[in-house]
Structure formats: C-alpha cells, structure tokens
Amino acid sequence: MRLSAVFVGLAAVLSSVLAQSSTADSYIATESPIAKAGLIANIGPSGAKASGAKAGVVIASPSTTSPDYLYTWVRDSSLVFKAIIDQYTAGADTTTRSLIDAFVTAEGTLQQVTNPSGSVSSGGLGEPKFNIDESAFTGAWGRPQRDGPALRSTAIINYANWLIANGNSSWVTKNLWPIIKLDLDYVSSNWNQTTFDLWEEVSSSSFFTTAVQHRSLREGAALATAIGQTSVVSGYTTQANNLLCFLQSYWNPTSGYITANTGGGRSGKDANTVLTSIHTFDPAAGCDATTFQPCSDKALSNLKVYVDSFRSIYTINSGIASNAAVATGRYPEDSYYNGNPWYLATFAVAEQLYDALITWNQIGSLNVTATSLPFFQQFSSSVTAGTYPSTSTTFTTLTAAIKTFADGFLAINAKYTPSNGGLSEQYSKADGTPTSAVDLTWSYAAALTAFEARAGFTAPSWGAAGLTVPSTCSSGGSGSSGSTVAVTFNVAATTVYGENIYITGSVDALQNWSPSNALLLSSANYPTWSITVNLPASTAIQYKYIRINNGAVTWESDPNMQITTPASGTYTENDTWR
Ligand SMILES: *[C@@H]1O[C@H](CO)[C@@H](O)[C@H](O)[C@H]1NC(C)=O
Ligand SMILES: *[C@@H]1O[C@H](CO)[C@@H](O)[C@H](O)[C@H]1NC(C)=O
Ligand SMILES: *[C@@H]1O[C@H](CO)[C@@H](O)[C@H](O)[C@H]1NC(C)=O
Ligand SMILES: *[C@@H]1O[C@H](CO)[C@@H](O)[C@H](O)[C@H]1NC(C)=O
C-alpha cells in the first residue's frame, strides 16, 4: 500500500470516529434536557402529562389508546426513581427531594392495595401494575412479576443509604425500612417461584428478575445491619447466596450468551440480559463474571450475540457493517407492534459499553479471554486472549474502538429521534418512524442513564465485589435443608356423586401444579375435605383445589391460594372452595 493510501484510510477512520463522537455529543446536548423534562412530566401530581396521577406516581406513558399505558408499573417506576435518586444523592440534581419522598409514600400505599395477586401478606406485592389513582388494576394480566419488589427496594435502599450518611437514620428506620422490609421479605420467600418476565409474556424463571432479586437482598442485608435490624440479615444473606447460585444457570456456555428465560420457547437472546448488566453494575466489582458485570467476559460475549441477532431482521439495519452499531429491540422473535427496535434497548447497549470502559480505565487494564474473544475481535481481528495494561497499544486501540461502537448506538437512536426530541417506546424496523406509546418514561430514563455513563458517572456500589458462588444450589428456605412441617388443608366443598376434591401446588410435595398427579382429599368430614401433607418449612407455597369428576378437571378461580409455612410445628389451613 502506498503511503498516501494509508493516510486516506486513516483519515476515513478518524473522520468516522469523530463523526460518531460528535453526533453523540450533540445528541446529548439537545436530548438530555428534553429527556429530563419528559420524565418529570410523567410524575404525579403536577407532571404536565400526568394529570390524575397521585403524588409520586409515575405513569408509564400518557398514551391512552393503541396502546393504553396510562397506568403505573412498579418496575418502570422503580427504575425511573432509581435514576432520579442516584442523581440526587450524587448532588447532581438537588431539586427532586420532595418528589423522591412522594414516590416512597406512593409505593408504601400501593403495597397495601389488595389486588388480583393477593393482599400485602398473601402475594399482592408481586402485582405488576396499578391504576394511577393508586387503586388496583383488576383486568387480566401477566401476573405476578417478581422483579417489582426487588427494584423498588433497591431504589429506596439507595435513598436510605444517603439519608444515613447524612445523619437521618431515624427517618430511614421509621419510614423507609417498613416498606423495604415488606419487599425484601417477599423476595426472600418467593424468589424460587415462577414469575412473568419483564416483558410480561413468559411465565418461568427470568434472568433479569433473578439478578435484581439477588442485588436487592445483598444491599438489603447491608442496610439492615447498618440500622440494627439484625434479625433479617442471615435470612436475606442465605437467599442471596441461593439466588447467586441460581443466576449462574442462565449462562449458555456453548453459544456464549445468557438465556433470558427458562421458558417461552425462544432463542433466549433478549435485552433482558443487557438491562441486567446495567442495572446490577457495581463499580467496585471489577469485571466479575459471577454477577455478569458489564465488562465481564460473559456479559460482553452475550452483548455481541444479542446485538447481532438484530442485524438482519430490521430493514433499517441493512447495509451497516457487521462490527458497527445497529438498532436493537427486546428479542428477535418479538411480534408486539410487529417487532421493532426499542429506544431503551439500544440505549442499554451503549450504557453497558460505557460502564465497561469506566471499569477498565479504573482498573488500568483489560482482559481478553476465550469467552470474550469474539466480542473483541470485532474491533481488532488480530487480538488474542491476554491481559492488556492501559499503557499498551492494544488497550488504547480497543477502548477507542469500543467507545466509537458505543457512541454508534446513541447515534442510531439520535437518527430516529423526532425533531421535538420526544421518545416513544419503539421505532419502526422498516423506516425508523416512532411507534407504540409516546413519551415512554422508561425511554427517557434510559437516555439519561446512558448519557451519564458516557460522562463517567457511576451509582454507589451495592456489594457485588468478591462474592463466591455456593458449590451447590439450594432452592430456598430451611425447607430445602430438609426440615418440613405437617400442614393440614381443610376445604368446605359440596360435591355431586362421583366428584372428588384434590389439591396441587407449587412444590414437589403438592405435585408441582400437576392436575393428573394431584392429591386426593378425604371426605370423612364431608362437606369438609381434608388432607395432611409434609411441606417445606418457612416457605411460601401456592396451591389450588381442583374437582375431578370422571376425568373432567375443574380448577378453583384465580388467584392462586398461598400460605407461608411455619419454621416448625404444624399448621392448619381452612378454606372454602372458590
Ligand atoms: C429526614 O428526611 C426526611 C425526608 O426527606 C425529611 O422530611 C426530614 O426533615 C429529615 N430530617 C432531618 C433531621 O434532616
Ligand atoms: C484480568 O484477569 C486477572 C487474572 O484472572 C484478574 O486478576 C484481573 O482482575 C482481571 N482484570 C480485569 C480488568 O478483568
Ligand atoms: C429454584 O431453585 C433451584 C435451585 O437453584 C432451581 O433449580 C429451580 O429452577 C428454581 N426454580 C424457580 C422457579 O426459580
Ligand atoms: C383452622 O381451624 C382450626 C380449628 O378450628 C384452627 O385451630 C386453626 O387455627 C385454623 N387455621 C387458621 C390458619 O386460621
């Protein structure tokens, strides 16, 4: 190659790097205040687009038709307020204190609202969404969603930690801890039950849910210690260890990615995993793969597989180089609104990469492993596994290319952001036109946290550093260590001749929801039917009675019944057929 050709090549590379970076700079300059204002506009009672929402209630979007999102979701609200709280506690925005206090009060109210998932003490904390006047939403829905209590407690714990550091522990103990404890107790006793995933479609176990549950119990145990609530510490820590163990099982070593859900019948490539990486980022945990930190080899390998799954399925991604940024969506099989890119998914990719850059720069080195090699080869085909200190050319080359790659994802969202800066939920895979709900609060929060990560901002550590995965995974309470209690179920049920009452439920001893293997109750005290079963101690167990007549099965109406078994002794449950 002639020298002049080298210069032309270099100049082209340089100008593309500068173009990505200046597009990102100018997008951030214009979009940042719009996103901030858009987010505040969606919070009651005085948000410009949140009329009718109670104080501290976050609406998902002001859209009331196609789709109707004028509800408040525990997940979205908690992620939004985590972002607000992180900025408040860092001193970056001190105007939001009263909003934060209103959020805490609103969530404390919602916890007590009996809803189709149950009451505050019988599973109601798993309810995903409520009306914006804080009443229960009673329509059919994918429930429960067990990430909500975890994300809510994480947001409030971060506020609590700041209050303690600023001499206001009494407020924490009196006003925040009761709310946090309800959520953490729920997580602690229910994490091993199936859940709908964050997209509200698949009922199984879900990586995002497991990971945020793990995080919440870790920081919950630390907070409890700090304020002298020591009775819960060992229970939360035990379940956090069980969760960390279970978390490892989502990794697919053959294909190098994290399978998002244990059910659902899909590839498992899903923004679920990228969102997990950014929402469980701990700047003190280095590139630890046990918690899938953003710069861990597993999370980077996963990121490449996830991003690549959208290259050929969206028309707007065609013609883009195979190592450059593209628009990404929830999962490649998505058919909601025809299956499109989402702003928050594409922002999340950028954020994971910025988080990784923060960590590498802080540690002063970068590792390429056999697992992360395909990710790094996108930026340098000749790179090999090894450790590269920040003084090496390889480190400089790779981190510069990764920064450009990350800025590319912002540039993609910038390209498809309308001129007024409004961020809807999705944009068309065919031509980039915004679609689905307008002014999605989560889209605005995702923009802001990605921009902050690019600027080097990190939220406080949550205790992910140096964790050890237990050598064997346990499924939960002391029941899993073998102790059981005798539980008698009595149900008043009138039956016709030939009809019998059975029970099945969420644990092995209740035949894991199998109607064909359900346990027959005795009619010796008809119309009360009874059975005594040994069930795991200290465990939340769901069940239903069923009637079987000549092979025809009739289930009780929803929701599931739930009991939490005692640590020892016996327990008698008295029900009436529903
Ligand atoms: C503690 O924080 C609460 C909530 O913001 C506030 O109302 C109260 O005045 C604070 N107390 C002190 C002593 O700062
Ligand atoms: C790189 O790997 C070494 C050895 O496994 C480890 O001690 C170090 O923390 C790793 N550094 C990064 C940035 O991952
Ligand atoms: C419960 O935990 C065990 C042990 O980690 C795991 O194998 C199982 O899949 C978990 N089930 C759910 C629904 O989380
Ligand atoms: C069910 O009834 C029995 C006998 O009346 C009583 O001892 C027991 O406490 C009741 N169980 C519950 C959960 O109320």
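1. Start with L275. Setting aside neighbours within four places in sequence, L275 is in contact with L198, W199, F208, L344, A348 and W442. Keep in mind that this is a predicted model.

2. The largest nonpolar core holds 111 residues. Within this core, L275, F347, W360 and F376 touch the most other members. Look at these four side chains when you trace the core.

3. Which helix gives the most to this core? Helix α10, residues 343–363, does, with 12 residues. The core also draws on two domains: at least three residues come from each of domain 1 (73–252) and domain 2 (258–461).

4. Now turn to ligand 1. Which residues lie around ligand 1? They are R97, D101, Y159, L163, N168 and W171. Two helices each give two or more residues to this shell: α3 (97–111) and α4 (148–165).

5. For R97, the distance is 2.8 Å. For Y159, the distance is 3.3 Å.

6. How much of ligand 1 does the protein bury? Taken alone, ligand 1 exposes 360 Å². The protein buries 52% of that area.

Note on methods:
Residues numbered from 1 in each chain as written. Chains lettered and ligands numbered in written order. Predicted model: local features only at pLDDT ≥ 70, side-chain atom pairs only at ≥ 80, totals over all residues. Heavy atoms only, no water. Core = buried A, V, L, I, M, F, W, Y, C linked by side-chain atoms within 4.5 Å. Buried < 20%, exposed > 50% of the residue type's maximum accessible area, 1.4 Å probe, protein only. Helix = DSSP H or I, 4+ residues; strand = E, 2+ residues; numbered from the N terminus. Domains from an automatic or database assignment. Contact = heavy atoms within 4.5 Å. Near = heavy atom within 4 Å. Polar contact = N/O pair within 3.5 Å; in protein donor to acceptor, adjacent residues only side chain to side chain. Areas by Shrake-Rupley, 256 points an atom, 1.4 Å probe, with all protein chains shown as cover.
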